Amino acid sequence: MTLWRIRPDGGRVRDSAVDDRRPGTPYRAVTSNNGGPPGVDERNPARSREEAGVSEPYDGGPVAALRRIAFLLERGREDTFKVKAFRKAAAAILPLPPEQVAAAVADGTLTDIPGVGASTAKVISAAARGELPDRLAELEREHGGPLTGAGADLRAALRGDLHSHSDWSDGGSPIEEMAFTAIELGHDYLVLTDHSPRLTVARGLSPERLARQLDVVEAVNAHLGGEFTLLKGIEVDILDDGALDQEDALLARLDLRVASVHSKLKMDAADMTTRMVAAVRNPFTNVLGHCTGRMVTGNRGTRPESRFDARAVFEACVESNTAVEINSRPERRDPPTRLLELARDIGCLFSIDSDAHAPGQLDFQVYGCERAEEAGIDAERIVNTWPQERLLAWANG
Ligand SMILES: [Zn+2]
Ligand SMILES: [Zn+2]
């Protein structure tokens, strides 16, 4: 199930959306100042490199080019509607033999393939000819560089991600695409944590759908062959009284459970404290997700922190061995720094999670790493630096 591609010389290469070349300079721009005469674009900026007959070589192939474009758009926090066309086109041509794609390029009939439109056909044509597609070159310049100035060392120490969503709830991509991208980002494991029943706006999974998803996760793992594991999880709603929004029998079948508050965020502080303490003390809860619920930026607007006795909640986390999530989403930055430092001083465990709703957002983890580094949190206290066996023993101990 890995995306292998046959090279013209017969060798096999992995069709990766994640660039393993030096970050920040994935491709040398044609017009970069190399001390020589001006490049083609500078002499005649109205003409594209393609029209001018100048193109950079690209050996990734059409599927990798489309997936890389989608990855960069998601990582750059572009609207998902912009991304959909590229993911759809990649899925459309993935099963086709390369000769068939090459023939469609030669005949100019790519757009006859369902799922391929005018702009994605341009990308496919260039990549199939072994040329860097213009759109990809543009996005590498715009979104290909490092996301943060710090956090890289801690990010390198992370072995997995404990919070991610697929299109089974409110994510934008299928389960297997999330898994592929996690592999490409170097993870050993990814916990799939789609929403629970009561979060109907996010298509929360009923007990029946969750049970079916667990079979799909097993099927994906069977194809992946063992070096990487997609772990079974949930982001379970914390109900008003602190109970968890899923059947115990199903929670027991999961590898790991993130519990989060998504409703009545403005609840009175004393009641919210009781609610959260009950949830983190629930034996099934492993991670307290985005504890304050705040939104600091982004197109969903801003939202203030929920009010609760953070000391009481974090002390309950320590007592019950529940990790406090450092949610890496730029619009959340949750917990806020003063609470992150309080949890650090109280002795909490942490998990640094992407809360990705699209494959490219799995790369957000470095934002959380930067914050954890700034707060001086030891890597040993971050549960997703642990090997899988240790993580699972902790989560199910
Ligand atoms: Zn959430
Ligand atoms: Zn989430």
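Modeller: One cut-off before we start: a residue is buried if 20 or more other C-beta atoms lie within 10 Å of its own, exposed if 12 or fewer, and partly exposed in between. Also, this is a predicted model.

Colleague: What separates the C-alpha atoms of Pro283 and Asn321?

Modeller: 9.3 Å, with the two residues 38 apart along the chain.

Colleague: Let's zoom out. How many helices and strands does the protein have?

Modeller: There are 15 helices and nine strands. The protein has 397 residues, and 46% of them count as buried.

Colleague: And the contacts: what share comes from residues 24 or more positions apart?

Modeller: 73% of the contacts with a separation of 6 or more.

Colleague: Now the core. How many residues are in the largest nonpolar core?

Modeller: The largest nonpolar core has 98 residues. Ile69, Ile124 and Phe350 have the most contacts inside it. Helix H2 (residues 62–75) gives the largest share of this core, nine residues.

Colleague: Which domains does this core draw on?

Modeller: Domain 1 (4–143) and domain 2 (152–395), with at least three residues from each.

Colleague: You mentioned Phe350. Which residues is Phe350 in contact with, leaving aside neighbours within four places in sequence?

Modeller: Ala323, Val324, Ile326, Ala372, Ile377, Arg381 and Ile382.

Colleague: Back to H2. At what angle do the axes of H2 and helix H5 cross?

Modeller: Roughly 135°, and the axes come within 8 Å. H5 covers residues 118–128. The two helices are therefore oblique to each other. H2 passes H5 in a right-handed crossing.

Colleague: Which residues make the contact?

Modeller: From H2, they are Pro62, Ala65, Leu66 and Ile69. From H5, they are Thr120, Val123, Ile124, Ala127 and Ala128. Ile69 and Ile124 are the names you saw in the core.

Colleague: How does H2 pack with helix H6: what angle, and how far apart are the axes?

Modeller: The angle is about 30°, and the axes are 10 Å apart. H6 runs over residues 134–143. H2 and H6 are therefore roughly parallel to each other. Their crossing is left-handed.

Colleague: Who makes that contact?

Modeller: H2 brings Ala65, Arg68, Ile69, Leu72, Leu73 and Arg75. H6 brings Arg135, Leu136, Leu139, Glu140 and His143. Ala65 and Ile69 of H2 also belong to the contact with H5.

Colleague: OK. What is phi for Arg77?

Modeller: Near 60°, a positive value in a residue other than glycine. Arg77 is in the loop between H2 and helix H3 (80–93). With 18 other C-beta atoms within 10 Å, it is partly exposed.

Colleague: And Arg333: buried or exposed?

Modeller: Buried, because Arg333 has 21 C-beta neighbours inside 10 Å. Its phi is near 40°, a positive value too. Arg333 lies in the loop between E8 and H13.

Colleague: Where is the cis peptide bond?

Modeller: Between Asp334 and Pro335, with omega about 0°. Pro335 is in the loop between strand E8 (323–327) and helix H13 (337–346).

Colleague: Last stop, around H11. Where does Lys264 lie?

Modeller: In the loop between strand E6 (256–260) and helix H11 (269–281). Lys264 has 14 C-beta neighbours inside 10 Å, so it counts as partly exposed. Its C-alpha atom is separated by 9.2 Å from that of Leu239, 25 residues apart along the chain.

Colleague: What about Thr274: which helix holds it?

Modeller: Helix H11. Thr274 counts as partly exposed, with 18 C-beta neighbours inside 10 Å. The C-alpha atoms of Thr274 and Asp241 are separated by 7.8 Å, and the two are 33 residues apart along the chain.

Conventions: Residues are numbered from 1 along each chain as its sequence is written. Chains are lettered from A and ligands numbered from 1 in the order in which they are written. This is a predicted model: local features need pLDDT of at least 70, side-chain atom pairs count only at pLDDT 80 or more; totals for chains, interfaces and linings use all residues. A nonpolar core is a set of buried Ala, Val, Leu, Ile, Met, Phe, Trp, Tyr and Cys residues joined through C-beta atoms within 7 Å. Helices (H or I, at least four residues) and strands (E, at least two) are DSSP runs, numbered from the N terminus. Domain bounds come from an automatic or database domain assignment. Two residues are in contact if their C-beta atoms, placed from the backbone, lie within 7 Å. Axes are lines fitted to C-alpha atoms, for helices over the stretch in contact, and angles run from 0 to 180 degrees between N-to-C directions. Angles under 35 degrees count as roughly parallel, over 145 as roughly antiparallel, 65 to 115 as roughly perpendicular and the rest as oblique. A crossing is left-handed if the near helix is turned anticlockwise from the far one by less than a right angle, and right-handed if clockwise.
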